[in-house]
Amino acid sequence: LASSGDRIRGWGLAVWSALALLYLFIPIFIVVLFSFNDNKGRFNFTWQGFTLKHWQDPFANPDLAIALKNSLLIALLATVLATALGTFMALALVRYGFRGRGVVDLLVFLPLATPEVVLGAALLALFLTMAVNTGFATIVIAHTMFTISYVVVTVKARLEGMDRHIEEAAMDLGATEWVTFRKVTLPMIAPGVAAAALLASAISIDDYVITSFNAGQTQTFPLFIFGATRQGVPPEVNVLATGLLLVVLILMGLNVMLQRRLAARELRRDAVDEPETAALVPARG
Amino acid sequence: VHGEPDIRLERVTKRFGDMTAVDALDLEMPRGAFYALLGPSGCGKTTTLRMIGGFEEPTDGRVFLGGDDVTERPPLSDSGWVVERLRDVGLVGEDGRLLASRTAVIAGITYNFLPFMILPLYVSLEKIDRRLIEAATDLYASRVTAFRRITLPLALPGIFAGSLLTFIPATGDFINAALLGTPRQFMIGNVIQSKFITILDYPTAAALSFILMTFILICILLYARVLGTSNLTEAAF
C-alpha cells in the first residue's frame, strides 16, 4: 500500500542516489571521453573533435612509457612480496596463539589508519638516516610495507570464516603440516589471497603520496601525471588510464564469474552429500 | 617554429545581444612585436583583449596563443560555461570562481574518499534485519521513528567507521589542495610535504607528522574503546 509520502520518499531517494552516482562517474567519463579528443596544442581541457590518433600510439611519449612500465613492475614486485608475507602473517594471527598477538593485530591495522603523508615522511626519514638512496628499490619497499596490511586484513577475514575441523581431519589422516597447508588450507583461502593480491596491486599502481616521498629520480605513472598537470596532461595519459580501467573492469568481471561458479559447485555438492558430511563443507563468503 | 605568430585571431566575433562588439576580426602578432589597439570608446578594444586573455568567450571565430587553440574556456575555469551559469544563479563565492577555491578542494577530497564512506555504510545497513523495522511499524512507529530508533542506531558502527576511514586520509591529503586550490587552501599535508621535500627541514616535518599521528591515534583509541576494533576492520572490508 504505497501512500503519496512513500512515493515522494522513493523519488527523493532515487534522485539523490542518481546525483551521488553522477558525482562519482562524471570525472571518470570525462577521462575516457577526452582520450578521443582531437586537441590542438598542449592542453586537453575543451572538446575539439573526435579522433583515434592517441589510441594508435599510446606510448608516443617515451617518459610516459617508462613511467607506466615502472609502475607496473613495482606493482608486480610489491604484490608478490606483500601477498606472500601477508598471507603467512594472517595465518599466524588466526591459527596460533602467541604472546603479543593483540599488539601485532593492532600494529598491522595501524598503517591502514595512518594518513599517507605520515607514512611517506616516516619512510623517507628512515631511508635518510640509513643513508639509502631513494629510487626504484625504495618504492618497492614502501609499497610492500603499506600493502601488507591490506593483504593481512583480507586473508584474515577469509581464514576466520574457515572450518578448522577440515585441517584437523587431514592431519588425523596422516598428512603433515606442510601437506595439509598445500592441499587443504591454501586451496580454501585461495579466493581471499587472490582478492588480496588484486587489492594490493591496485593500491600500488594508484599511489602518489607515499611514492612521491620515496621515488628519488624514478618516475611512476601517478608521479608523471602530477608533474604533467603544470604543462598540460598529454591525451596519451587518458588513453592509458582508460586502458587500466578496462583491465580492472575485466578482472572484476572474472572475479564475479569465478565466485558464481564456486557457489554453484557448492550448491550441487550440498545437494548430493549426506546431511552430516554437508556440515563439513566450509562456508563460502 | 620561427615566423609562427604568437597571437592569432581568426574571424573572431563577439555579440552582446543585438550589439556586435567585434565583427569577424582577423589579426596576427608575431613573437616579440609591439602592437597598439586604437579606436574610439566602445569599438571593442577591451572585448578583444578580454577574449585573448580568456576572460570572455567569442561568439564566433577562433583564438590561438602560441599554437594552442584557446577559444573555448574549460567549462570549470573562471569564464567557462559551468561557472558562468553558476554565477547567474549566485552559486559561486564572491571571487566568482570555482577552481582554485576552498570549495574545489573540499569537492575533490569528497570525491576521493566517498567510496570509503559508502562501503562501511552499505555493509552495516545490509546486515540490519528488515523484520525489526517491520516490527517497529507494526507497533505503530512512523517511518521516521522507525528510522530514528532502529535503523540509525544499528547503522552507527558503519557511520563511525566510515567517518574515521574518510577523515583520517583526508587530514593527510595534500594532492587536492595542491591541484585544486591555491597556497591559501594548503593543508597540514602540504606543509609536511614541502618541509620534507623542498625546504629539507626534517625535524619540523617529523614533529608535524608525529603530532598528526598522535591526534589520529587518539581518535582510533576512542573509537576502539566505544565500538571495538573488530567493527572497524570488518566495516572497512
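User: Arg87(B) and Glu84(B) both sit in helix α2 of chain B, so by about how much of the helix are they separated, and why?

Analyst: Let me begin with the ground rules. This is a predicted model, in which local features need pLDDT of at least 70, side-chain atom pairs count only at pLDDT 80 or more, and totals for chains, interfaces and linings use all residues. Residues are numbered from 1 along each chain as its sequence is written, chains are lettered from A and ligands numbered from 1 in the order in which they are written, and side-chain values use heavy atoms, with hydrogens and water left out. A helix here is a DSSP run of H or I with at least four residues, a strand a run of E with at least two, numbered from the N terminus. Arg87(B) and Glu84(B) are about one helical turn apart because three residues separate them in helix α2 (residues 81-88) of chain B.

User: Which kind of pairing do Arg87(B) and Glu84(B) form?

Analyst: In general, side chains of opposite charge can pair when their charged atoms come close. A salt bridge is a side-chain nitrogen of Lys or Arg within 4 Å of a carboxyl oxygen of Asp or Glu. Arg87(B) and Glu84(B) form one, with closest N and O atoms 3.2 Å apart.

User: Are Asp6(B) and Arg31(B) buried, partly exposed or exposed?

Analyst: Buried means under 20% relative accessible area, exposed over 50%, and partly exposed in between, using a 1.4 Å probe and protein chains only. Asp6(B) is partly exposed because its value is 25%, while Arg31(B) counts as exposed at 66%.

User: What does Thr171(B) touch, leaving out residues up to four places away in sequence?

Analyst: Contact means heavy atoms within 4.5 Å. Thr171(B) touches Met187(B), Ile188(B), Gly189(B), Leu212(B) and Ile216(B), and also Pro115(A) from the other chain. Thr171(B) lies in helix α5 (residues 143-172) of chain B and counts as buried because its relative accessibility is 14%.

User: How much area do chain B and chain A bury between them?

Analyst: Buried area is the accessible area (1.4 Å probe) that two parts lose on being put together, summed over both. Here it is about 3,100 Å², with 78% of it on carbon and sulfur atoms. The contacts join 38 residues of chain B to 36 residues of chain A. Across this interface the rule finds zero salt bridges.
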